[in-house]
Amino acid sequence: MAENYPFPIYFILLIITITRLISTVGKTEQWKSSSSLPIELSSNKISQNLINNPKAIEKASSDYGNLVHDLPAAVFNPTTVNDIVSLIKLSFNSSVPFHIAARGQGHSTRGQAMARDGVVIDMKEFRENNKKNKNVDNIKVFEDTKVGYYVDVGGEELWIDFLYKTLEYGLAPVSYTDYLYLTIGGTLSNAGISGQTFRYGPQISSVHQLDVVTGKGEFVTCSKENNSELFHGVLGGLGQFGIITRARIALEPAPKRVKWVRLLYSDFGAFTKDQERLISMKGINKNSGLDYLEGMLLMHQGPINNWRSSFFPLSDHHRILSLVTQHRVLYCLEIAKYYDHHSENNVNKEIQVLLQGLSYIPGFYYEKNVSFVEFLNRVRSGELKLQSQGLWDVPHPWLNMFIPKSRILDFNSGVFMKIIQKRNITTGPVLVYPMNRNKWDNKMSATIPDDEDDIFYAVGFLHSSGFDNWKAFDAQNREILQYCNDAEIKYKLYLPHYSTQEEWTNHFGPKKWKTFLQRKYEFDPRMILAPGQRIFNNN
């Protein structure tokens, strides 16, 4: 470390390491030898918000991934933001600080929202407590002459509820994730990406202001103009600098309907060329161009329609499968164009213009016309179906990556056509779609490839497995990463998970890691928050 950083940064890292050692050695011995809470916590008035019954502990020790299970000492059910402030401040001022993690919907896949032997803040219960209080309105819409429409929304709220509330005003956010039953604070702590990202940026790009409780227990309002280091650090910061309790997010007039189209390709080069063309097209006005673009693989291992959406008509399944047999892999381009009653007469013509000259397989064009909400909430029906079959709460050894545009063809030949075909186990959706670099703010903690390409690709292997075979998928993930390392493909992990600080340093890169360290030392110097990320807490 001393050779890689100038003295001030090395000194900061040394202080952090020493503080971490002092904090954890005694704590680990104390808590692991007893299921009781630290004296400071168990004797404090906020102890009435603590739950340590087996059911609550078990829930807080699991997540959507079902791969990591770390038991906390207790679960904390706040009723106000001040409760969260008090909890973190108590830990910060303790002789032996205890770890704290905020858990929203538990949709992480590698234990990122867990706190082994620490305290998990149940943001879902916080949301439910707020609903019981008629005096609390955590989703408020405003209009400002300078910034336009915006919403103030609690970090514990769900995007689906946020959407429904803003639609009452004829408004909506512009950037989403594919799945809407996630908390505001959860997605903003990562970035929040989907098919809208190429045009509108990740969800963190739409944030005007935040309320954050730092690792010191300080309640801070921050924005680009005020407390900007905290603002930029928290957005995409993996929960390392504070817990988001409120976000001010930009809104735009909401469309009513969506023209939803899928096209099939057998040639990956043509597929990516058309994707890049479509996200680079500049329309005559701001309403021209596509609003959403993603892509996915179709293979024999998985069904033609998957849990993310049922799209292809049953009558065409046979001829699509015949093409899959012929080519081994098909590439599906998925696009959407929003419209309302003012633009409905032109939407078909606009789609035709946008698709003119594309190289998809003739005769394999599919479209739907759906409501705006039905499109955005398209994953929900698949989730409910899987839940009814007992197939939702299974292991999900996911792998999400960002790949430079200049290496995406190599990735296809080495991963999609070799590793995936050789192992023949991939059954969940495999996504691949491009994003524009200029829609991302490098001051924020979220990390994208260092390559100078103006475009990079999001690639997601959204595996589902049994409890007896998830390690085979994990082995495939490791092989994919090893291939990229050997081929010198400078990828970045989205929703990253590493086990060493060296890996985290490589993930952020020297400059961004330096900034990350400085922010950690400033806003959470005792390493209290989000230990499940295993950035500074690798035990």
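This is a predicted model: local features need pLDDT of at least 70, side-chain atom pairs count only at pLDDT 80 or more; totals for chains, interfaces and linings use all residues.
Q: What is the strand order in the open sheet of four strands?
A: The order is 1-2-4-3, with mixed pairing; two strands pair if DSSP finds at least two bridges between them. Helices (H or I, at least four residues) and strands (E, at least two) are DSSP runs, numbered from the N terminus.

Q: And which are the edge strands?
A: Strand 1 (50–51) and strand 3 (100–103) are the edge strands, each pairing on one side only.

Q: In which sense do strand 2 and strand 4 pair, parallel or antiparallel?
A: Strand 2 (residues 74–76) and strand 4 (residues 119–122) pair in the parallel sense over three bridges. Within this pair, Ala74 is opposite Val119 of strand 4.

Q: Turning to helix 4, how far apart are its end C-alpha atoms?
A: They are 18 Å apart, which agrees with the 18 Å that the 13 residues of helix 4 (residues 81–93) should span at 1.5 Å a residue. The expected span is 1.5 Å times one less than the number of residues.

Q: Which residues of helix 4 are buried?
A: They are Asp83, Ile84, Val85, Leu87, Ile88, Leu90 and Ser91. Buried means under 20% relative accessible area, exposed over 50%, and partly exposed in between (1.4 Å probe, protein chains only).

Q: How many salt bridges are found in the whole structure?
A: The search finds 24, a salt bridge being a side-chain nitrogen of Lys or Arg within 4 Å of a carboxyl oxygen of Asp or Glu.

Q: What does Arg116 meet in a salt bridge?
A: Its partner is Asp70, at 3.5 Å, N to O. Arg116 lies in the loop between strand 3 and strand 4 and Asp70 in the loop between helix 3 (54–60) and strand 2, so the pair ties together parts 46 residues apart in sequence. Arg116 counts as partly exposed at 28% relative accessibility, whereas Asp70 counts as buried at 11%.

Q: And where does Arg262 lie?
A: Arg262 lies in strand 12 (residues 257–265). Its salt bridge with Glu334 has the closest N and O atoms 2.7 Å apart. Arg262 is buried, with a relative accessible area of 2%, and Glu334 counts as buried at 0% relative accessibility.

Definitions and conventions: Residues are numbered from 1 along each chain as its sequence is written. Side-chain values use heavy atoms; hydrogens and water are left out.
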